[in-house]
Amino acid sequence: MYRIIYKSRSVKPLDWDIVKSIMSESEKRNEACGVTGVLLASRTHFLQTLEGKFEDVNAVFRRIARDDRHEELNLIGFSVVDARLFGGWGMRGIGAFDFNLNIEAELKHKYGEEEGGIRFPLEEWQALAMINDIKMIRELPDWKK
Ligand SMILES: Cc1cc2nc3c(=O)[nH]c(=O)nc-3n(C[C@H](O)[C@H](O)[C@H](O)COP(=O)(O)O)c2cc1C
């Protein structure tokens, strides 16, 4: 089992409709090859994890890397892992612009700011910590603005 993590910049400002449409076009393909993970979006950047078999995460990543809806793609991590961290999620899209103001302030304090939003880290351990924080926050009843 392998995990790829990358960060990229969107060519246009992100909103939930864009994230939703990427998710809906990816769903069947990811399901067919058993690739799961999370796609995090701020107003300006994406941070995505892809978990699955070596050939499958590579094939999905190759397609994503060619996509002209984003640029400045940085590979943050490519590791062998014992198990999926985000297996129960399918491929979950999350808008980091959707959090309530207190939570947004906490995350900015912890991970820094980037162009007015929460900074997506380039360090693998920080990226994983942030996704875990966000996973927990999403389970709270009042995470939305
Ligand atoms: C930020 C971002 C994340 C994406 N994530 C996935 C994904 O997890 N799975 C997937 O099949 N396509 C994903 N896509 C879409 C692919 O880039 C690509 O458009 C799609 O797989 C069709 O590829 P094809 O035209 O080469 O067949 C993503 C696109 C972007 C911009």
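Where is the place of E114? I found E114 in strand β6 (residues 113-114); helices (H or I, at least four residues) and strands (E, at least two) are DSSP runs, numbered from the N terminus.

Before going on, I noted that this is a predicted model, where local features need pLDDT of at least 70, side-chain atom pairs count only at pLDDT 80 or more, and totals for chains, interfaces and linings use all residues. Residues are numbered from 1 along each chain as its sequence is written, and side-chain values use heavy atoms, with hydrogens and water left out.

**Entry: E114.** I checked its cover: E114 is buried, with a relative accessible area of 18%. Buried means under 20% relative accessible area, exposed over 50%, and partly exposed in between (1.4 Å probe, protein chains only). Leaving aside neighbours within four places in sequence, E114 is in contact with K7, H45, R119 and F120; contact means heavy atoms within 4.5 Å.

**Entry: I5.** I moved to strand β1, where I5 lies. I5 counts as buried, at 0% relative accessibility. Among the residues that I5 touches, not counting those up to four places away in sequence, I listed L47, Q48, I76 and L128. I also looked up E51: its C-alpha atom is 8.9 Å from that of I5, although the two are 46 residues apart along the chain.

**Entry: helix α2.** Helix α2 (residues 54-66) has 13 residues and reaches 19 Å from its first C-alpha to its last, close to the 18 Å expected at 1.5 Å a residue; that expected span is 1.5 Å times one less than the number of residues. Which residues of α2 are buried? I noted D56, V57, V60, F61 and I64. Seen down the axis of α2, these buried residues fall within an arc of 125°, so they line one face of the helix; the arc is that of the directions from the helix axis to the C-beta atoms. They pack against β1 (2-10), α1 (16-33), β3 (45-52) and β4 (70-80). On the face turned away from the buried side, I found the exposed residues E55, R62 and R66.

**Entry: the ligand.** Q48 has one at 3.1 Å, R69 has one at 3.3 Å, and E25 has one at 3.5 Å.

Key. A polar contact is a pair of N or O atoms within 3.5 Å; within protein, one must be able to donate a hydrogen and the other to accept it, and residues adjacent in sequence count only if both atoms are side-chain atoms.
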